[in-house]
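I opened this model to look up a few loops, the helix pairs and the sheets. My entries follow in the order I took them.

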Amino acid sequence: MALQKSPGQKRKSVVRTVCILVFLILTYFLSNYYSRANNESLSWVENNTPVGNLIQAAPITIGICLVLYWILSFLFVRESKKALPEGFYTETSWLDIDDNYLVALEGDELVYFDIPKEQASTAQSAYQAGKSPEEIYHLCKPDTAARIPLNEISSLSSDHNSDVITIKHGDKTHSVEFLNQTVKAHALERIEKQLPETMDYQYIQRSRLQATLPSLVIAILLIGLIYWLDSFIFRAIVGFIGLTSVAPNLLSKLISPTETRLWEKVEETSVEHA
């Protein structure tokens with residue numbers, strides 16, 4: 001059976017192909033430039049050969065293409081927020097191949113574990129072949145795993161613009177991540193049915209100011225850092241971080257302020273007084 005790829009994996013293949021083509025084109029033109037430059041400087045006897053020119057050009061073009069790959073991956077290799085891709089979910093399990101996590105609902109327990117990067121392809125093949133989460137667990141031998149009894153948790157929260165569910169159980173806080181927001185919604189619809197009916201449910205809508213305030217504070221700090229730095233390179237790096245990370249988050253929450261679904265355990269003392 002052919003391996004089903006997520007939209008993010010498909011875009012990553014395109015980005016990789018583009019970067020390889022850019023590397024080949026840049027290397028070709030830069031090696032030709034070095035050939036002409038070496039001829040003009042009369043150094044052709046020592047290093048003006050095709051191999052010598054390639055050796056001179058390759059470190060520069062490799063660096064450029066690595067930066068290009070990182071930028072394109074950051075900007076484009078993201079799962080669509082509205083996609084529910086086949087091969088990455090069942091009625092009771094959800095595979096996040098981007099972050100190498102598998103989440104499963106087993107009765108009233110939520111189980112999740114990380115997948116070692118070198119085992120990601122094997123785990124994906126096994127999952128799409130119908131293997132159970134337990135079989136995949138033994139196949140991958142993960143470093144991190146957790147089993148959360150949903151009838152014992154103290155709270156569960158989910159923001160509509162996030163692909164993470166936050167669960168508090170005992171003295172631990174678990175951040176359970178999914179492939180995207182739509183996959184998370186699919187999982188949450190099933191998880192909430194296993195929550196105790198005694199848990200208090202709240203639907204919290206934040207104002208635009210409340211939603212954007214953390215991002216605004218970070219943006220102000222970054223702007224202050226840019227003014228404080230003397231180096232153009234460091235300013236460019238901080239500016240790039242602000243434009244690619246803080247600005248999109250700020251605009252997203254400005255357009256669609258955060259909405260939170262929250263389930264909290266009602267304390268017995270509160271119930272008695274009520």
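**Entry 1: Glu267.** I looked up Glu267 and found this residue in the loop between β9 (259-264) and α9 (268-273). Helices (H or I, at least four residues) and strands (E, at least two) are DSSP runs, numbered from the N terminus. Glu267 has a relative accessible area of 53% and is therefore exposed. For that term I use these cut-offs: buried is under 20% relative accessible area, exposed is over 50%, and partly exposed is in between, with a 1.4 Å probe and protein chains only. I also checked Thr198, which is 69 residues from Glu267 in sequence, with 9.9 Å between their C-alpha atoms.

**Entry 2: basis.** The model is predicted, so I note that local features need pLDDT of at least 70, that side-chain atom pairs count only at pLDDT 80 or more, and that totals for chains, interfaces and linings use all residues. Residues are numbered from 1 along each chain as its sequence is written, and side-chain values use heavy atoms, with hydrogens and water left out.

**Entry 3: whole chain.** I noted 9 helices and 9 strands for the chain. Of its 274 residues, 35% are buried. Among contacts (heavy atoms within 4.5 Å) with a separation of 6 or more, 68% are between residues 24 or more positions apart.

**Entry 4: five-stranded sheet.** Which order do the strands take in the open sheet of 5? I read β7-β6-β5-β9-β8, with antiparallel pairing. Two strands pair if DSSP finds at least two bridges between them. β7 (172-177) and β8 (200-205) are the edges; each has a single partner strand, so one side of each lacks a neighbour in the sheet. From one strand to the next the twist averages 15°. β8 and β9 run antiparallel and are joined by 6 bridges. Tyr201 stands opposite Trp263 in β9. On this sheet packs α6, which touches β5 (155-159), β6 (164-169) and β9, and its direction makes about 150° with that of β5. Axes here are lines fitted to C-alpha atoms, for helices over the stretch in contact, and angles run from 0 to 180 degrees between N-to-C directions.

**Entry 5: four-stranded sheet.** I then took the open sheet of 4 strands, ordered β1-β2-β3-β4 and paired antiparallel. Its edge strands are β1 (93-96) and β4 (145-149), each of which pairs on one side only. The average twist from one strand to the next is 10°. Between β1 and β2 (residues 101-106), which run antiparallel, I found 4 bridges. Asp96 has Tyr101 in β2 as its bridge partner. Helix α6 (residues 181-191) lies across β1, β2 and β3 (109-114), at about 155° to β1.

**Entry 6: α7 and α8.** How do the axes of α7 (residues 208-228) and α8 (residues 232-255) cross? They come within 9 Å and cross at roughly 170°. That makes the two helices roughly antiparallel; angles under 35 degrees count as roughly parallel, over 145 as roughly antiparallel, 65 to 115 as roughly perpendicular and the rest as oblique. By class, the residues of this contact are 13 nonpolar, 5 polar and 3 charged. Ala, Val, Leu, Ile, Met, Phe, Trp, Tyr, Cys and Pro count as nonpolar, Asp, Glu, Lys and Arg as charged, and the others, Gly among them, as polar. The contact includes Leu216, Leu222 and Ile226 of α7 and Val238, Val246 and Leu250 of α8.

**Entry 7: α4 and α5.** For α4 (residues 120-128) and α5 (residues 133-140), I read axes that come within 10 Å and cross at roughly 160°. These helices are therefore roughly antiparallel as well. Thr122, Ala123, Ala126 and Tyr127 of α4 meet Ile136, Leu139 and Cys140 of α5. The classes are 6 nonpolar, 1 polar and no charged residues. Buried in α4 are Ala120, Ala123, Gln124, Ala126, Tyr127 and Gln128. Just after α4, Gly130 has a positive phi of about 95°.

Entry 8: I looked up Asn100, with phi near 60°, in the loop between β1 and β2. Asn100 counts as buried because its relative accessibility is 15%. Lys141, with phi near 50°, lies in the loop between α5 and β4. Lys141 counts as exposed because its relative accessibility is 63%.
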